[in-house]
Each structure stands twice: as structure tokens, then as C-alpha cells.
Amino acid sequence: MRIAVDVGGTKIRVGLISEDGRVLETKKAACPSKSSKLEVVDYIADMVDSFFSEKVEAIGIGIPAIVDENGVVHDCVNIPSWDVVDLKTLFQERFNVPVSVKNDCNCYALGIKASEGREYDNIVCIMLGTGLGAGLIINGELYTGAVSCAGEIGEIKYKDSNYESYCSSHFFKAKGTSGRDAFKAAQQNDPVALEQWKEFGQHVGELIEMATLAYSPQAIYIGGSIAGAYPYFEASMREKLANFPYKKVMDNLGIFALDNPDVLLLGAAA
């Protein structure tokens, strides 16, 4: 068995994964993002410890940050104290099993390739949530680039800021609400919320156009905490994509939303 960890901007999920790739048990807790470097490490390690036994062969961790080839986390925006953290070494010393640390979007991409997206060799996996990032499957393999920076599309300049400001929870914060509250309001047919999601979808359409021109994937999967609101922004997103310059490309592109947090855990375990 393996233990998989998903460290998000606001919460942490830990799962126990069977040898045949099934999620056996999970637990979730708020992320103590304002705590000190080692306090956050110890908090996550204690969650892992609750699942740990002699049957656990390895631990996989997904982090919303740059992670180098040695499993060292750099500049985790959502956890300010994590400027540089040798997370792999810290966890291997504590649990004495192999540990893999990857960018969370890369874990999500691995999970997609192993499940819903197994038929595709070229995939862009976009995570919309507290922030914005992407994982890339190119020619059937995970592509991370140097220092796992490939897929950090949220930082690409867009309008007066960047894509993350318009295609994540930051968009709703700028309007005085949150993605969760806007989703609940839209479910009640609140006209203000419905208009906000329509505008959000237009920005996501711009994001997908950019990603398609850059990577020309067979499929784009949208995940993250905002994926559940896909019915409220899909129409405006696709309306924006109707003007894509290459019809052949768009006609052959599959766009899917997947509101399943276990996919990232499966990718981390992989």
C-alpha cells in the first residue's frame, strides 16, 4: 500500500491507496498555511502517521509549488514559510520509506492519465481552485520541464495581471465573494452570481485557447475545487472558443470537467 498526500491552498487530504490503485480511506483537514515551516511539515506528517503501518511501502506528496528533482519544495505561494523545504528528506527520515514529492498539478495529470484520460497521449490538465496551474502529458509521458516549472500557466500575463487572477478563486475575491459562495448562489439562480460565472467562463475560454495554441492537446481536463461549478461557466467558455482560429484543432479537442479529488491522490501514489 501507499499513502498519498494532497496539500492544497486551504486544505490537506491524505489517502491510503491499495496496491491495485484504489482509494481505501481518506481524511481531510484545514491547511495551517500561516504556521512556521516545520510546524506545517509536522502537521502533514502527523496526518500521514495516522494511516502509516508496516504495510505502507511508499509515500507520494503533491504540493502547489515548484519542486525540484530532489524533492525540494521552492516558493510555495500558499504557505508563505515554505520558501525552501527539503520535504522528501524530512519525510524519508521520519517514515523510513521511499518518498516522492511532485507539483500537485503534475500529480493530477498522472492521475488523469491512469484513469479517465488513459486513451489520450497528449493532455493538458488544468486545476482551477485557490490558484491556477496545469499538468502536461506529452507523448504519453508526464512533462515537467526544468525544475517542474512547465504548466505554471497561471503566471502568464493576461489583461492587467495574469491568468490566475481571472481563472481561480482570486476572480471571485476581487468581486467581494468567494468561489464557494458564488456557486451556492448560482444554484439558487441568483442573477448576480450567474453573471459572475458567465464572465468567469469567458476568461477560462481565453485560458484554454492559450493552452491549446501552446500544446495542441487531444484533451483538456478541468479539475480543482471550482470544477464542480462547470455547468455554470461551460456555455460562456465554449462561446469564447467558437472564435478559435483553427477549426480543425477545436473540432478534435475534448474538454472535460472532473470534480473528483481522488484523481490527484491516485497520481501522487503513482
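Modeller: Two strands pair if DSSP finds at least two bridges between them. Keep in mind that this is a predicted model.

Biologist: In which sense do strand 2 and strand 3 pair?

Modeller: Strand 2 covers residues 11–17. Seven bridges link strand 2 to strand 3. Their sense is antiparallel.

Biologist: Which residue of strand 3 stands opposite Arg13?

Modeller: Strands of a sheet pair through backbone hydrogen bonds. Look across from Arg13 into strand 3. The residue there is Lys28.

Biologist: Which strands are the edge strands of the open sheet?

Modeller: Five strands form this sheet, with mixed pairing. Their order is 3-2-1-4-8. An edge strand here pairs on one side only. That gives strand 3 (23–30) and strand 8 (99–103).

Biologist: What is the average twist from one strand to the next?

Modeller: The value is an average, taken from each strand to the next. It comes to 15°.

Biologist: At about what angle does helix 10 run to strand 1?

Modeller: Helix 10 spans residues 262–269. It lies across strand 1 (2–7), strand 2, strand 3 and strand 4. Its angle to strand 1 is about 125°.

Biologist: Which helix lies across strand 4 and strand 8?

Modeller: Strand 4 covers 58–63. The helix in question has residues 104–113 and runs at about 100° to strand 8. It is helix 3.

Note on methods
Residues are numbered from 1 along each chain as its sequence is written. This is a predicted model: local features need pLDDT of at least 70, side-chain atom pairs count only at pLDDT 80 or more; totals for chains, interfaces and linings use all residues. Side-chain values use heavy atoms; hydrogens and water are left out. Helices (H or I, at least four residues) and strands (E, at least two) are DSSP runs, numbered from the N terminus. Axes are lines fitted to C-alpha atoms, for helices over the stretch in contact, and angles run from 0 to 180 degrees between N-to-C directions. Contact means heavy atoms within 4.5 Å.
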